[in-house]
Amino acid sequence: MIDLIFPDGSKRSYEAGATGRTVAASISPSLEKRALLAKLDGQLFDLDRPLPRGGAIQIVTRDAPEALEVIRHDTAHVLAEAVQELFPGTQVTIGPNVEDGFYYDFARDEPFSLDDLPVIEKRMREIVARDEKITREEWDRDAAIKHFRDIGEAYKAEIIEGIPAGEPITVYRQGEWKDLCRGPHLPSTRHVGQGFKLTKLAGAYWRGDHRNAQLQRIYGTAWASEADLEAHLKRIEEAERRDHRKLGAAMDLFHIQEEGKGMVFWHPKGWTLYRTLVDYMRRREAEAGYLEVKTPQILDRSLWERSGHWEKFHSDMFVCETDEGETLAVKPMNCPGHIQLFNHGQRSYRELPLRFAEFEGLHRYEGSGGLHGLLRVRGLAQDDGHIFCREDQIESETRDFLKLLNRVYADLGVELHSVKLALRPELRAGTDEMWDMTEAMLERAARAVGLEFDILPGEGGFYAPKLEFHLKDAIGRTWQCGTLQLDMVMPERLDATYIGEDGQKHRPVMLHRAIFGSIERFLGVLIEHHAGAFPLWLAPVQAVVATITSDADDYAFAAAAAMRKAGLRVETDLRNEKVGYKVREHSLAKVPVIAVVGKREAEEGKVALRRLGSAAQQIVSLDEAVRTLVEEATPPDLRPAPTPSPAA
RNA sequence: GCCGCCUUAGCUCAGCCGGUAGAGCGGCGCAUUCGUAAUGCGUAGGUCGGGUGUUCGAGUCACCCAGGCGGCACCA
């Protein structure tokens, strides 16, 4: 007998061998009908699998989040079955869930084409209609390896070899088809439902390693109902409208062309936005004790050899040769340059922490397939900074940096998606002892300030472990923006020293840090985040003064001049068009304020303000309009501090 | 760099089974002076990403190259 405790706290005993289904049936026939899985002490079980022990039981139905995960995974299995029916000889590999769906990787000599997807999808719907029963079997390890080898499934055999001894080898049978899988699964294919769609086709390396064979990946999305699927597809469609590449063109911000792939041509409006953002950061950093510097774009190979870039980062660098036989490299990072500044003259412990900031351009030779609008470019600039300090200053510097980062993200209205701690990569400079130390110190500092993060082994920079601050784009992909890296390697390689209190030479620790990361990338995220509708202080064109009739032209000119004099970025629209037309055009261009002036306003010295996204008009005197707009257009760091509330 | 797809006027897109390119928007001109998301009429724009080939004939078929898009790898 086993004892089960239900979510409502009640307890019942069942005979050994009871399954989720028998438990559900014992409660009500309708629950049995809706039951998909059993959850015992938090672990999901196939509905027809005997429960191995007593515990807290829950019958999982279609509307539960756990059910959706299993539905997605089973859809991947149905996909694999359909593919193997339609394309004999195709090997299956793995098919995990991803956000909103799943994929399955196949090994097949012939490439799949996009035209195959509807055909595969049709067969999948047939398999669902066949209502194939899904059953679990435990196999003997050697027999399983032999079986999968015999039927030509080399990848599956390889997976089994990697399963630790002692773990059961489970095979799920689904009609005539079977697959190695940990499970759990739905009772039968009917429960997959019709709320799925195959979405894209891609190449992907076996086990994520480019030295391995490239497999063919089919992505799909799956939902508990067709309505949920429709809603999801609609969300994607809406998100695509926020794409910074489309908005960048519509708002005349920038473009990229063939002759400079990954290199941005910033248009006047885009550059205004860029400068506004960087000016803001300059003030924030100055306030936080950073000293802005500028170091050379191109430096001799010998420096890059000493820093380690030549050896570890060479394939990412643009290199040039002079007629005199020198080899130079365009800087991909500012750190070696900043160490040259640190090393110029003798440094005292009294100067530490010394914080350098730089906004100059960098160039990195990114693989052609990875370029992506502003989010992944070859020519970029960072809000780069390097802090030289003593070990005992690491924690307070980390704390101050995180405070600044949070302040900036809050001012700009972006939301931190996640934080990762990336540890030593395979290809690295420095000794293991150094890595042991820097990893431990960075993690300790991060924990000391209460940061929550995931650990990414093998993903650190070649010279230092790093904290990565990730932001999300319109369609949910995450991008590393801010970073904090704790480096003992570079100061040693480039021999940075300071004179300590004891009169001896000491090695400083170097913190590499950025809040935007790449300014280009950050702007891309920012454009998508605001869907182009920037707060007034960031908007490249803050207001357009638009006339109703040409009688108001002179007044419109004067009004615009008054606004410009007050520091606002203003354009005039005196074209011979109807106001409705002008309002529409500037609204589509995401101009935050349209100041409409007609005969009435001209006579009375007023303007009719219309805010983006609202049809309401606010008729105020020109003076008042200038005053309110100037106040609203003040960058967050220049706003008067809120009056402190009286001490409680 | 790898896999799949795409590449036609400034922009968005039509162009069936190969017979020497169309629309809307935008631009320009004229008329209209019209109160808050598209005023009317007229007009000029392309040789169909680049190249090679098949063919009497290619935007339309084949191959190669480039760029872009979605992934993978790499990475801010």
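**View 1. His 530 touches Leu 412 and Pro 535, not counting residues up to four places away in sequence.** A touch or contact here means that heavy atoms lie within 4.5 Å. His 530 is placed in the loop between helix H16 (519-529) and strand S30 (543-547), where helices (H or I, at least four residues) and strands (E, at least two) are DSSP runs numbered from the N terminus. At 18% relative accessibility His 530 counts as buried, because buried means under 20% relative accessible area, exposed over 50%, and partly exposed in between, with a 1.4 Å probe and protein chains only. This is a predicted model, in which local features need pLDDT of at least 70 and side-chain atom pairs count only at pLDDT 80 or more, while totals for chains, interfaces and linings use all residues. Residues are numbered from 1 along each chain as its sequence is written, chains are lettered from A and ligands numbered from 1 in the order in which they are written, and side-chain values use heavy atoms, with hydrogens and water left out.

**View 2. The whole of chain A is shown as a setting for the other views, with its 20 helices and 34 strands.** The chain is divided into domain 1 (2-61), domain 2 (66-236), domain 3 (254-291 + 352-530) and domain 4 (543-637), with bounds that come from an automatic or database domain assignment. The centres of domain 2 and domain 4, taken over C-alpha atoms, are separated by 58 Å, and the C-alpha trace of chain A spans about 85 × 75 × 65 Å along its principal axes. Buried residues make up 50% of the 648 residues in the chain. The mean pLDDT of chain A is 93, with 99% of its residues reaching 70 or more; pLDDT is the predictor's confidence in each residue, from 0 to 100. The model as a whole scores ipTM 0.91 and pTM 0.91.

**View 3. Tyr 409, Leu 412, Phe 469 and Phe 522 touch the most other members of the largest nonpolar core, which has 91 residues.** Helix H13 (residues 394-412) gives the largest share of this core, eight residues. A nonpolar core is a set of buried Ala, Val, Leu, Ile, Met, Phe, Trp, Tyr and Cys residues joined through side-chain atoms within 4.5 Å. Leaving out residues up to four places away in sequence, Tyr 409 touches Val 414, Leu 416, Phe 469, Leu 471, Cys 481, Gly 482, Ile 515 and Phe 522. A second, separate core of 31 residues includes Leu 37, Val 70, Val 92 and Met 124.

**View 4. Glu 358, in strand S20 (residues 354-358), is buried, with a relative accessible area of 0%.** The side chain of Glu 358 makes a polar contact of 2.9 Å with the side chain of Thr 295, and another of 2.7 Å with the side chain of His 338. A polar contact is a pair of N or O atoms within 3.5 Å; within protein, one must be able to donate a hydrogen and the other to accept it, and residues adjacent in sequence count only if both atoms are side-chain atoms. Not counting residues up to four places away in sequence, Glu 358 touches several others, including Lys 331, Asn 334 and Asp 383.

**View 5. Lys 133 lies in the loop between helix H4 (116-130) and strand S9 (134-139).** Lys 133 is exposed, with a relative accessible area of 54%. Neighbours within four places in sequence left aside, Lys 133 is in contact with Asp 48, Arg 173, Gln 174, Gly 175, Pro 187 and Ser 188. A separation of 79 Å lies between the C-alpha atoms of Lys 133 and Asp 551, which are 418 residues apart along the chain.

**View 6. Gln 214, Lys 466, Gln 480, Asn 576 and Arg 610 come nearest of the 55 residues around RNA strand B.** Sugar and phosphate account for 52% of the atoms of RNA strand B that come within 4 Å of the protein, and a residue is near a molecule or strand if one of its heavy atoms lies within 4 Å of it. At Gly 370, a backbone N or O atom lies 3.5 Å from a base oxygen of RNA strand B.
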